[in-house]
Protein chains: 2
Amino acid sequence: MNQSFDIAVVGATGTVGETLVQLLQEREFPVANLHVLASSESAGSSVPFRGKNVRVREVDEFDFTKAKLVFFAAGPAVTLSYVAKAHAAGCSVIDLSGALPSDQAPQVVPECNAQILAGLEKPIQISSPSPSATALAVVLGPLLELLELQRVSVTACLAVSAQGREAVSELARQTTALLNMHPLETSFFDRQMAFNLLAQVGKPDAQGHVPLEKRLVKELREVLGLPSLKISVTCIQAPVFFGDSYSVSLQLAAPVDLPAVTAALEAGAGIELVDADDYPTAVGDAVGQDVVYVGRVRHGIDDTCELNLWLTSDNVRKGAALNAVQLAELLIKDLL
Amino acid sequence: MNQSFDIAVVGATGTVGETLVQLLQEREFPVANLHVLASSESAGSSVPFRGKNVRVREVDEFDFTKAKLVFFAAGPAVTLSYVAKAHAAGCSVIDLSGALPSDQAPQVVPECNAQILAGLEKPIQISSPSPSATALAVVLGPLLELLELQRVSVTACLAVSAQGREAVSELARQTTALLNMHPLETSFFDRQMAFNLLAQVGKPDAQGHVPLEKRLVKELREVLGLPSLKISVTCIQAPVFFGDSYSVSLQLAAPVDLPAVTAALEAGAGIELVDADDYPTAVGDAVGQDVVYVGRVRHGIDDTCELNLWLTSDNVRKGAALNAVQLAELLIKDLL
């Protein structure tokens, strides 16, 4: 394939957008022209790509007919403001914001439900799910043939980097202050994040569910193709800079054979299964990597109809930017 | 009641033992003589009690006929070495080590199954469960009348203080090193604990379960009086100094009424239910407190047969030392 494509990245100065541009380079994505776009505040800065600094331009002034494929790595509001314009200009769109409804832009994780891409109308609009749904889908996808899944219980321990650079600095600042016996200051987080766990990431609705939890359930059901799967989820904020960890318990209709599970995980794309006597961590394994790490594969105590797993994944890279780039790699095969 | 009692504390120099002695003082437990005991390494140091420094003596040389009630706040090996001697000398025993089988020393959480004390033979031998089982029992106990419990799924995020002082220092040391860009050194933990989550606390058996997880399941079933309750558990080590947090999901045979749940939690002894728009944290709420904090009380997403909770508890105080002292307070009423 010698064809190359004009690409635009909206939200190119955020942590996910930056990683996405870096991955386009690393994976030698056939980019003809790269347009890096952001809000007026970030416009004028630059993003490194193939040894050059690409100037960040204002998304509001961009002529979308100049791009064949647009990544939306910005927030939902920005995405909703410009996606129709991009679509009308004939761009295919990969949205990372979760802003688009599934009937307009289905959620896709290449390792799990790439087959649905073939049925979509051009220009293609697809969504790259949240980092949590992506990591879980990569691992649960190859197990679906083995298991009759009744329920998934997840405690997602999320890194602060998903909240942006301000959250990262505040965790560092709070930690330093506490270790030096200085008074604690909070500004991004509403309480002490250092050496603590926060049980609520975002604002809960009247039922007590936060948007991240609702998004995880909706997206995971969609990607797994199990619209009525019971998913019990709690998202917590851990004092970890990079890399998400997931404590996962699956309830099954029948006893599960562990060797078959480990064989399926070993064969699964995008998965690294660690040795039985080891376990992966966010910092030690997942960060900077292109796979979801899996460990602590075990039955329940006295319950062979339960399967427990521990996952770690780079929330910015594997959970977001890489999934979007993998989707783009599939689209350019014959869908653009 | 004007009677007072001769008390011995084995393991008085550990974090739990020290807190236990402090609680005997704070709660004005009727102590006649206090004997603080430890292994030969710690003997000779002293423990503050009622304004005096009580000299720590070697447990091996102690004449147990001098005590009416002995707390074993040491490790399982030390407990197993001396408990028979204490029992033979006529002492009642409260074991915090988990070393004694339940038929010899039943697990008791006062808020949950205090009624079983009345049926025990004197001298009494009872066990104070692990901090995790204790915290969960305090909260689940008062809900049992409301719920037909089918399964409990728990991710227990444990503070490093449960591993002793060396673990606390290492988390501080690692954190400082990382913030100062110094190389990471590990000695207590086998890998980076700072800004990371470890998925395995202790050495797993051939099935992949660690002792803490097996202990939690066994003890919680016993204290709740539900010997075949399905409990799915993962214990993880969080980079938190003090205070455990629990992400709990309960599966029920029938839809649960949330107002009834909150009413039961508000009425429950040893529980502090936080406001619906708030949530408790280990550092901000639980540490130093005598209650288990509960928040994020909610149904499952699309599932009223699921009840989710977030608990935080001081692992050393409420989870261990206080439970043992509360047990002693019940015993002195008429059981010693």
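# Two chains and their contacts

Biologist: Hi! How many salt bridges are counted between chain B and chain A?

Modeller: The count between those two chains is 12 salt bridges. Keep in mind that this is a predicted model.

Biologist: Which of them gives the largest share?

Modeller: That would be strand 10 of chain B, with six residues.

Biologist: What kinds of residues are on that side of chain B?

Modeller: They divide into 22 nonpolar, 21 polar and 14 charged.

Biologist: How much area do chain B and chain A bury between them?

Modeller: About 4900 Å², and 51% of it is on carbon and sulfur atoms. As for residues, 57 of chain B are in contact with 57 of chain A.

Biologist: Let's change topic. How is chain A divided into domains?

Modeller: Domain 1 covers 5-129 + 320-334, and domain 2 covers 134-315. The contact takes 21 residues from domain 1 of chain A and 16 residues from domain 2 of chain A.

Biologist: How far apart are the centres of the two domains of chain A?

Modeller: Taken over C-alpha atoms, 25 Å separate them.

Biologist: And what area do those domains bury?

Modeller: About 1500 Å² between domain 1 and domain 2 of chain A, with 51% of it on carbon and sulfur atoms.

Biologist: How many salt bridges are there between these domains of chain A?

Modeller: The count is two. R165(A) forms a salt bridge with E18(A), and their closest N and O atoms are 3.4 Å apart.

Biologist: Which helices of chain A supply at least two residues of the side of domain 1 that touches domain 2?

Modeller: Helix 1 (15-26), helix 3 (110-113) and helix 9 (317-334) each do. The residues on that side of domain 1 of chain A divide into eight nonpolar, 10 polar and three charged.

Biologist: I clicked on T19(A). Where does it lie?

Modeller: T19(A) lies in helix 1 of chain A.

Biologist: Why does T19(A) count as buried?

Modeller: Because its relative accessibility is 13%, and the cut-off for buried is under 20%. Not counting residues up to four places away in sequence, T19(A) touches V316(A), R317(A) and A321(A).

Biologist: One last residue. Where is V56(B) found?

Modeller: V56(B) is in the loop between strand 4 (52-55) and strand 5 (57-58) of chain B.

Biologist: Is V56(B) buried or exposed?

Modeller: V56(B) is buried, as its relative accessible area is 2%. Leaving aside neighbours within four places in sequence, V56(B) is in contact with residues including T13(B), V36(B), L37(B) and G44(B).

Biologist: And how far is V56(B) from V297(B) in space?

Modeller: The two are 45 Å apart, C-alpha to C-alpha, and 241 residues apart in sequence.

Terms used. Residues numbered from 1 in each chain as written. Chains lettered and ligands numbered in written order. Predicted model: local features only at pLDDT ≥ 70, side-chain atom pairs only at ≥ 80, totals over all residues. Heavy atoms only, no water. Domains from an automatic or database assignment. Contact = heavy atoms within 4.5 Å. Buried area = accessible area lost by both parts, 1.4 Å probe. Salt bridge = Lys/Arg side-chain N within 4 Å of Asp/Glu carboxyl O. Helix = DSSP H or I, 4+ residues; strand = E, 2+ residues; numbered from the N terminus. Nonpolar A, V, L, I, M, F, W, Y, C, P; charged D, E, K, R; others polar. Buried < 20%, exposed > 50% of the residue type's maximum accessible area, 1.4 Å probe, protein only.
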